[in-house]
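Grab a pencil and work through these exercises with the model open beside you. Try each task before you read its solution.

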Amino acid sequence: MSTQNTDVVELRDVHMQFEEKKVLDGTSLEVHPEDRLVIMGQSGSGKSTILRLILGILQPTSGSIFFKQFEITRLKRRKLQQVRRSIGMVYQYSALLSSRNVRDNIALPLEELTDKSPDEIDQIVDQKLELVGMKDSKDLMPSELSGGMRKRVSLARALVLEPELVLFDEPSAGLDPVIASVIDELIINLTEKSQVTSIIVTHEMGSAFRIGTRMAMLYQGKIIEDAAPEEFKRSTNPVVSQFLSGSTEGPILEGTQDAIATK
Amino acid sequence: MPEGNEAVIVAPGVQLARNFFREVGSLFWFVAHTLNETTERLQSGRLPFRAASFFRHTQRAGVDSVPLVSLVSFFLGLTMALLTGYQLQRFGTERLIPGLVSIAFTRELGPLITGIMLAARIGAAFTAELGTMQVSEEVEAIEAMGIGPLRFLVAPRMLALFFLMPCLSTISNIAAIFATSLVSRAYFSIAFVYFLDLVRDALLIRDIITGVLKSFLFALLIGAIACYRGLSVRGGAAGVGIATTSSVVTAVTTVIGFDTLYNIVYIVFYPT
């Protein structure tokens, strides 16, 4: 189904429920071309669910999700697979295929989805590995890589088909602050260089403000704040203020076991 | 009996039946989607998976299973020849041993023993491997790239089992018949040449065809169950363990169940 839509991604009144648990409750969001949108929120608030909904891996309970002119929720499997080629995803734990070395991991989408010759594929792999500073690690297996190196390989794999949209699920989680900054800078450089739009899901404050050109806060299944980083910092929304300050006093913990325990 | 008690007794049975049919339905859906993804890919003029991946699985499922299958079948052949031989000797009919063992193996035991061994050896490996890929988000990553995980991960495994199972079953038959020939020679004074004549006289082409058809059927069942269980894993390492156990138990039970069903159908339609 097509619409006249200039946004790269649009979520319209999306509801998502896993059995009894309501994760998204009327989420609406637009992502404009070349945005680096950071979605913030508590753990388990449904941030990663949004990424999986955009990829069509999960189906929403109701509502619609658009990637450019395509309504993801209504696409047939074959078309959905084609659309996914324009979207790259970097997973929280990298999700590299453990049975393949670095080169084969990056080459996989090219081998499976394009008609490029092995020489061309090698060239592209080398180029992408150089971009992420991993040229010498081509023959290593994922188990031989550190967390930061895996993230970089995963980033190279996500960029190998020249996507229009890249999704990042907690890109700096589990990394030391220096490597986390390296990954953040890589994300900024690569997305700027190739003019791609990106959505970054994180709850690491430093990383979020470094990367984002736009920030959104997901709370109780809804986007409660959506603004440029400076404006977001000055937000008067009590949930946003509490989240940014990391305070235990405020609406986020109200009525929860944690709040009762602290009283 | 009061109405409430009946409900207590009936409800778990209904639930069990519902779960059973749901699982059977999901398995059919899984096989149908794998076929669909594979044929779609073929229609677009491309191989559904890489030849290297297929050969890696044939090596694991087939070639590497040869020692186990031949050894177990050899010992089973020995035991069967000895046990039946001593009984038949009492009636002076020990020359029936070659025919008895060769028919039993080509028609029944060869495919069955191979099926059970492959369910345990390869089915478990497939489930654990795919299950681990599932929990570490590798399967989702493949799907997110726009690659069909069923044609890419499941099809080469199922196809490798499908083609290799009849070969392994034949090896099992040969090992068992060879063991029988040794026992026949050593204990019942049946010379090798005479042994071969007796086997040739007893074996019918349709016994061999039956065995081969069974092997293909068992391969499909084991492959489908193992891969389905692997891709349905939820809940981390514990989930992989549970799925692997369940895969072996389900595959072995299904293979034995289908073997019985096949024999009943065969005897009803081709009684001899």
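**Exercise 1.** Work out the strand order of the open four-stranded sheet in chain A, and find which strands stand at its edges.

*Solution.* Start with the order: β2-β1-β4-β5 of chain A, paired antiparallel. Strands here are DSSP runs of E, at least two residues long, and helices are runs of H or I of at least four, both numbered from the N terminus. Two strands pair if DSSP finds at least two bridges between them. Next, look at the ends: β2 (21–31) and β5 (70–71) of chain A each have a single partner strand, so one side of each is left without a neighbour in the sheet. Now zoom in on β4 (residues 62–67) of chain A, which two bridges join to β5(A). There, Phe66(A) has Glu71(A) as its bridge partner.

A quick note on the model: it's predicted, so local features need pLDDT of at least 70 and side-chain atom pairs 80 or more, while totals for chains, interfaces and linings use all residues. Residues are numbered from 1 along each chain as its sequence is written, and chains are lettered from A and ligands numbered from 1 in the order in which they are written.

**Exercise 2.** How many residues does each chain bring to the contact between A and B?

*Solution.* Count by chain: 16 residues come from A and twelve from B (contact: C-beta atoms, placed from the backbone, within 7 Å). Then ask which elements of chain A take part: α2 (77–84) and α3 (102–113) each supply at least two residues. Of chain A's elements, α2(A) gives the most, with four residues.

Terms used:
Contact = placed C-beta atoms within 7 Å.
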